[in-house]
Amino acid sequence: MSSAPLKVAVTGAAGQIGYSLLFRLASGSLTGGRPIELRLLEITPALKALEGVVMELDDCAFPGLAGVEIGDDAEKIFDGVNLALLVGARPRGPGMERGDLLSANGAIFTAQGKALNAAAADDVRIGVTGNPANTNALIALKNAPDIPAERFSALTRLDHNRAISQLAAKTGAPVTDITKMTIWGNHSATQYPDLFHAEVAGRNAAEAVGDQDWLENTFIPTVAKRGAAIIEARGSSSAASAASATVDAARDWLYGSAEGDWVSMAVVSDGSYGVPEGLVSSFPVTTENGDWKIVQGLEIDDFSRARIDASTAELADERAAVTELGLI
Ligand SMILES: NC(=O)c1ccc[n+]([C@@H]2O[C@H](COP(=O)([O-])OP(=O)(O)OC[C@H]3O[C@@H](n4cnc5c(N)ncnc54)[C@H](O)[C@@H]3O)[C@@H](O)[C@H]2O)c1
Ligand SMILES: O=C(O)C[C@H](O)C(=O)O
């Protein structure tokens with residue numbers, strides 16, 4: 001593997017998630033020993049604040065941080081980047097659904113898709129965290145016709161990690177015993193965290209829990225509505241956990257998922273599991289050398305089918321809405 005610095009762009013770098021993410025990236029959580037060069041994009045009024053964040057990055061004297069460039073011109077910042085983490089977008093407030101952000105945030109992803117298309121490195125991978133993440137990723141990929149659609153993904157790793165944590169707490173198992181967790185569908189309240197294929201120390205998770213009422217009426221809504229619960233408690237949306245999940249997702253994508261396990265990523269559907277082709281929907285995937293593959297052959301019962309269908313129907317509605325807005 002190359003020891004040249006990995007060039008990583010982060011958008012919305014002066015925001016809440018950025019304030020946690022940049023320090024995780026610079027300290028080596030993503031690349032281990034490989035140096036990293038950060039390229040930070042912000043809107044013009046936020047550049048001064050971003051300068052302050054860069055002073056703090058300097059003050060950490062991170063040995064693996066090979067350089068930092070900041071700016072408000074997407075094409076300049078994306079020049080030659082190997083990884084782009086698209087975080088910059090407005091967060092929702094109390095009482096909003098993430099889909100309410102489509103018209104506010106959609107335009108950001110047309111412009112950034114075009115800029116990535118023009119300037120990124122040939123091997124670029126693009127992870128979208130900004131909400132509504134799945135449909136923003138769809139907008140970006142449609143506006144970047146020269147970049148293969150498989151290079152885009154949206155973040156459902158935070159939901160995946162939340163589901164692992166809830167299951168660990170219920171069963172008393174350590175999080176490291178929990179494998180094969182899946183989030184299906186949209187990063188929204190319709191998402192479907194699936195315990196029927198997950199395992200606790202090798203045992204089927206739904207059987208290990210043995211409590212359909214908990215699974216249906218506590219586990220699924222707790223995971224699906226966790227973002228809203230955090231907004232309610234903190235007054236602003238999740239940030240450190242979102243940054244941590246953004247790093248987890250990018251690390252596994254670039255360096256591979258663990259043997260015998262899989263991760264959740266929202267990727268462009270090839271029609272697997274009846275998810276309409278072309279939607280950016282969350283699936284169980286394995287990753288290797290920067291590529292992902294949807295895990296095939298899982299049996300989907302009626303309970304799971306209904307939930308996957310409901311979430312992908314919402315994604316189809318979002319696609320129709322951004323088509324109507326002329327964003328794709
Ligand atoms: N997918 C997930 O799991 C997940 C989790 C948490 C938050 N989010 C989403 O991530 C996004 C960022 O959250 P936050 O809490 O950091 O918000 P924030 O408001 O603190 O920061 C967003 C930053 O983006 C910047 N920005 C806006 N437009 C931009 C543009 N065109 N180019 C570059 N930067 C731009 C803003 O100036 C701001 O600094 C929100 O949309 C939020 O809903 C997603
Ligand atoms: O819920 C939100 O709006 C923020 C984020 O998507 C989350 O899941 O915490």
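## Review note on the ligands, pockets and cavity

1. Sorted by class, the shell around ligand 1 has twelve nonpolar, eleven polar and two charged residues. In this sorting Ala, Val, Leu, Ile, Met, Phe, Trp, Tyr, Cys and Pro count as nonpolar, Asp, Glu, Lys and Arg as charged, and the others, Gly among them, as polar. A residue belongs to such a shell, or is near the molecule, if one of its heavy atoms lies within 4 Å of it.

2. Some words on the ground rules. This is a predicted model, in which local features need pLDDT of at least 70 and side-chain atom pairs count only at pLDDT 80 or more, whereas totals for chains, interfaces and linings use all residues. Residues are numbered from 1 along each chain as its sequence is written, chains are lettered from A and ligands numbered from 1 in the order in which they are written, and side-chain values use heavy atoms, with hydrogens and water left out.

3. Which residues come nearest to ligand 1? Of the 25 residues around ligand 1, these are Gln-16, Glu-42, Arg-90, Thr-129 and Asn-131. Helix H1 (16-26) and helix H4 (102-119) each supply at least two residues of this shell; helices (H or I, at least four residues) and strands (E, at least two) are DSSP runs, numbered from the N terminus.

4. A backbone N or O atom of Gly-12 lies 3.3 Å from a nitrogen atom of ligand 1, and a backbone N or O atom of Ile-17 lies 3.0 Å from one of the ligand's oxygen atoms. In the case of Asn-131, a polar side-chain atom lies 2.8 Å from an oxygen atom of ligand 1. On its own ligand 1 has 860 Å² of accessible area, of which the protein covers 86%; such areas come from the Shrake-Rupley method with a 1.4 Å probe.

5. The residues around ligand 2 include Asn-131, Leu-158, His-187, Gly-227 and Ser-238. By class, the shell around ligand 2 has two nonpolar, five polar and three charged residues. Taken alone, ligand 2 exposes 260 Å², and the protein buries 94% of that.

6. On a 1 Å grid over the protein atoms alone, a cavity is a set of points where a 1.4 Å probe fits but cannot get out, a pocket is an open set with protein on both sides within 12 Å along at least five of seven lines, and lining residues have an atom within 4 Å of a point.

7. The largest pocket has a volume of about 680 Å³, where a volume is the space filled by probe spheres set on the grid points, which are joined across faces, edges and corners. Of the 34 residues that line the largest pocket, Val-87, Gly-88, Ala-89, Arg-90 and Pro-91 lie nearest its centre. H1, H4, H6 and H9 are the elements that give two or more residues to this lining, whose residues divide into 15 nonpolar, 13 polar and six charged.

8. The second largest pocket holds about 320 Å³ of space. Among the 17 residues that line this pocket, Arg-157, Ile-164, Val-175, Ile-178 and Asp-261 are the closest to its centre. H6 gives the most to the lining of the second largest pocket, with four residues.

9. The structure also holds one cavity of 30 Å³ or more. Of the 16 residues that line the largest cavity, Gly-127, Ser-153, Leu-155, Ala-249 and Ala-250 are the closest to its centre. The volume of the largest cavity is about 120 Å³, and the largest share of its lining, four residues, comes from H10. By class, this lining has nine nonpolar, six polar and one charged residues.

Technical notes. A polar contact is a pair of N or O atoms within 3.5 Å; within protein, one must be able to donate a hydrogen and the other to accept it, and residues adjacent in sequence count only if both atoms are side-chain atoms.
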